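Please open the structure in your viewer and keep the selection tool at hand. The tour moves from one selection to the next, with a short account of what is found at each stop.

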Amino acid sequence: MPASDIPVPQDPADALAAVVALRRLADQLEDAAVEQAMRAGWSWPQVAEALGVTRQAVHRKHAKRLIAAGVKLRRRSP
Amino acid sequence: MSPFDEYLHTIIMEGGVEAQRDGSATVEARHLLLAVAAQEGTAPQRVLAAAGLDHEGVQAALDREFDHSLSTVGVSRGSFGLSRPSTTLKRLPTMGATGKLALERGFASVPRKKDLRPAHVLLGILQAEAGTVPRALALAGVDRTDLLTRVQNTITNDDNE
């Protein structure tokens, strides 16, 4: 949607709190979405490209957690 | 280790567990508050519980603040059907900006380190006037200033005993 359609709270405290809450939600979504993709057999380079970050960044952020969760990780893209 | 150091250590470690449960890479003031509310048998926990803020009450207040803040920009957590991500307890999160500030405020409220009591940690958390914790308290109908006075009274009574 165009930027002008995004509701902006009138109270600065609400607007700032919305930024914090959206970042937190985005982090939670990223954790869930990366796990979902890796469980579905995506490779690290594919997930990295889809997120628009480097493979190293996505690996550093998520590998340990996913290994501990028992997710079978693919080492190379097809 | 002094009793205060032991208490502080517990709060920082438990705050880390709360952060992981929350999927957060950093320990924030809200996680420290949850940790304080979970320490049964301590003075700060009693003050919070008396205000309706046991661990469950704090969690409910924080969840409400999260949903409320998202709703002001038209977003709902329920709109996303993704499953809850796995969390690991292998590596503890680092202290975040709001967590650090809360602890610093607690420490700064006494002239000497040996005067620190468990309630000073809660005092530091409650001193924030902006951010997630004061908003969550306000939405839960808790008077933060009144709560601060109660915490302060606990410290005074403790010192007079």
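Begin in chain B by selecting B:Ala29, B:Arg30, B:His31, B:Leu32, B:Leu33, B:Leu34, B:Ala35, B:Val36 and B:Ala37, which are the buried residues of H2(B). Bear in mind throughout that this is a predicted model. Helix H2 of chain B spans residues 29-38, and because 9 of its 10 residues are buried, the helix is largely enclosed by the rest of the structure.

Keep B:Val36 highlighted and display its surroundings: leaving aside neighbours within four places in sequence, B:Val36 is in contact with B:Tyr7, B:Ile11, B:Pro44, B:Gln45, B:Leu48, B:Val121, B:Leu122 and B:Ile125. B:Val36 is also listed, together with B:Leu48, B:Val121, B:Ile125 and B:Val151, among the residues with the most contacts inside the largest nonpolar core, which has 37 residues. The elements of chain B that give two or more residues to this core include helix H1 (3-21), helix H5 (97-108) and helix H8 (144-160), while H2(B) gives the most, with 7 residues. A second, separate core, of 10 residues, can be found by selecting A:Trp44, A:Val47, A:Val58 and A:Leu66, which are among its members.

Next, colour by chain and turn to the boundary between chain A and chain B, where 23 residues of chain A are in contact with 23 residues of chain B. The area buried between the two chains is about 2,100 Å², and carbon and sulfur atoms give 66% of it. Select A:Arg24 and B:Asp22 to see a salt bridge whose closest N and O atoms are 3.2 Å apart; the count of salt bridges between chain A and chain B is 2, and that of residue pairs in polar contact, both at pLDDT 80 or more, is 3. On the side of chain A that touches chain B, the elements giving two or more residues are helix H1 (12-39) and helix H3 (55-68) of chain A, with the largest share, 17 residues, coming from H1(A). The residues of that side divide into 14 nonpolar, 2 polar and 7 charged.

For the last stop, select B:Ser69, which lies in helix H4 (residues 55-71) of chain B. Is B:Ser69 buried or exposed? Its relative accessibility is 0%, so B:Ser69 counts as buried. Not counting residues up to four places away in sequence, B:Ser69 touches A:Ala17, A:Ala18, A:Ala21 and B:Arg135. The side chains of B:Ser69 and B:Arg135 are joined by a polar contact of 3.2 Å, although these two residues are 66 residues apart along the chain, with their C-alpha atoms separated by 9.4 Å.

Technical notes: Residues numbered from 1 in each chain as written. Chains lettered and ligands numbered in written order. Predicted model: local features only at pLDDT ≥ 70, side-chain atom pairs only at ≥ 80, totals over all residues. Heavy atoms only, no water. Helix = DSSP H or I, 4+ residues; strand = E, 2+ residues; numbered from the N terminus. Buried < 20%, exposed > 50% of the residue type's maximum accessible area, 1.4 Å probe, protein only. Contact = heavy atoms within 4.5 Å. Polar contact = N/O pair within 3.5 Å; in protein donor to acceptor, adjacent residues only side chain to side chain. Buried area = accessible area lost by both parts, 1.4 Å probe. Salt bridge = Lys/Arg side-chain N within 4 Å of Asp/Glu carboxyl O. Nonpolar A, V, L, I, M, F, W, Y, C, P; charged D, E, K, R; others polar. Core = buried A, V, L, I, M, F, W, Y, C linked by side-chain atoms within 4.5 Å.
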